[in-house]
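Morning, everyone. I'd like to walk you through one model today. Here it is on the screen.

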Amino acid sequence: MTLASTQLASGTLKRLDGRVAIVTGGSRGIGGAISTALAADGANVAVVGIPADRERTEHLRASLNGTAQLVEFFEANVADPEACQRSVNAVIEKYGHVDILVNNAGITKDHTARKMTVEEWQAVLDVNLSGPFYMIKAVLEHMLERKFGRIVNISSVVGKMGNFGQANYAAAKAGLLGLTKTLALETARSGITVNAVAPGFIATEMVKAMPQAAIDIAKGRTPVDRLGEPGEIARAVRFLVDENSGFITGTAFDVNGGMYM
Ligand code: NAP
């Protein structure tokens with residue numbers, strides 16, 4: 001093994017000083033944990049979200065104390081392609097560049113397919129699948145020019161195994177895996193990696209909104225016998241966006257307590 005290879009194998013993750021990361025929906029839940037993890041390691045984090053995220057981003061800044069200046073809010077509904085482009089332009093105008101994009105924003109509108117309305121179907125596809133595509137479109141030329149980029153799409157275990165009452169959500173999250181692999185192929189020679197993280201059931205507002213019986217079933221189907229923590233997803237994202245993770249692309253990284261293997 002060469003010295004460089006040994007260092008890659010044994011070294012700690014590289015700090016993110018000077019790196020600029022966009023995290024959609026990055027003020028709470030899994031996104032909040034991702035923003036915190038990246039900012040704690042020195043990245044400037046742009047939280048891209050809808051107006052409710054603005055105030056929560058302020059709370060996040062406050063909770064980060066010394067690194068408060070590293071987290072800023074930029075408004076965009078990710079279902080709106082022009083708003084996505086505007087937010088990315090604003091981030092580049094402020095920081096000069098973007099290195100990392102984490103497509104985290106997501107919603108649920110659950111019903112069995114029999115009862116699901118076309119509006120519920122469309123809304124979930126718009127935010128959870130088209131949103132990441134619009135954000136990727138907005139940063140892609142910039143990353144290709146710079147010959148560096150780390151893109152992480154937050155998919156779900158549900159995108160791999162399906163879930164009762166979530167045809168829209170499962171379809172969007174499965175679609176995100178196809179988008180990830182295709183984009184990974186298209187950018188592999190340009191210093192850009194594109195990966196997905198597929199969480200199991202994580203203790204956030206999204207899951208707390210589920211009926212207790214459904215939460216108990218999800219826990220019962222998780223071999224480690226608990227819900228995951230947002231920080232456990234952030235840890236996987238942090239690893240994937242590392243400068244030295246350049247040989248990892250096109251993966252769907254399961255962080256699901258063994259729920260689906
Ligand atoms: P969450 O607490 O509900 O947070 C979602 C975030 O996305 C919120 O900040 C939300 O803002 C934002 N958002 C929603 N619609 C948006 C839009 N149109 N444009 C911009 N931002 C928008 O959810 P979470 O549990 O942390 O989930 C984060 C991601 O992980 C999602 O993609 C979810 O599908 C995925 N995931 C979650 C779990 C889980 O068990 N929790 C499991 C697998 C995958 P508002 O609050 O202001 O609406």
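A definition to begin with: angles under 35 degrees count as roughly parallel, over 145 as roughly antiparallel, 65 to 115 as roughly perpendicular, and the rest as oblique. What you see is a predicted model, where local features need pLDDT of at least 70, side-chain atom pairs count only at pLDDT 80 or more, and totals for chains, interfaces and linings use all residues. Residues are numbered from 1 along each chain as its sequence is written, and side-chain values use heavy atoms, with hydrogens and water left out.

Overall picture. The protein chain has ten helices and seven strands. Helices (H or I, at least four residues) and strands (E, at least two) are DSSP runs, numbered from the N terminus. The radius of gyration is 18 Å, close to the 18 Å that the globule rule gives for 261 residues, so the chain is as compact as a globular protein of that length. That radius is taken over C-alpha atoms, and the rule is 2.2 Å times the number of residues to the power 0.38. Along the principal axes, the C-alpha trace spans about 55 × 45 × 40 Å.

Now the sheet. In what order do the seven strands run? The order is 3-2-1-4-5-6-7, in an open sheet with parallel pairing. Two strands pair if DSSP finds at least two bridges between them. Strand 3 (71-75) and strand 7 (252-255) are the edges, each pairing on one side only. From one strand to the next, the twist averages 20°. Axes here are lines fitted to C-alpha atoms, for helices over the stretch in contact, and angles run from 0 to 180 degrees between N-to-C directions.

Take one pair. Strand 4 (residues 100-103) and strand 5 (residues 149-154) run parallel, joined by four bridges. Asn 103 has Asn 153 of strand 5 as its bridge partner. Helix 2 (residues 29-40) packs on this sheet, and strand 1 (20-24) is among the strands it touches. The direction of helix 2 makes about 170° with that of strand 1. Helix 3 (residues 52-63) also packs on the sheet, touching strand 2 and strand 3, and its direction makes about 175° with that of strand 3.

Next, helix against helix. Helix 4 (residues 81-95) and helix 5 (residues 118-146) have axes that come within 8 Å and cross at roughly 40°. They are therefore oblique to each other. The crossing is right-handed, meaning the near helix is turned clockwise from the far one by less than a right angle. Val 88 and Ile 92 of helix 4 are among the contact residues, as are Ala 138 and His 142 of helix 5. Contact means heavy atoms within 4.5 Å.

Helix 5 has another partner. Its axis and that of helix 7 (residues 167-187) come within 8 Å and cross at roughly 15°. The two are therefore roughly parallel. Again the crossing is right-handed. The contact includes Trp 121 and Phe 133 of helix 5, and Tyr 169 and Leu 176 of helix 7.

Back to helix 2. Its axis and that of helix 10 (residues 230-240) come within 8 Å, crossing at roughly 50°. That pair is therefore oblique, and the crossing is right-handed.

Last stop, Val 255, found in strand 7. Which residues does Val 255 contact, leaving aside neighbours within four places in sequence? They are Val 197, Ala 198, Pro 199, Gly 200, Glu 232, Ile 233 and Ala 236.
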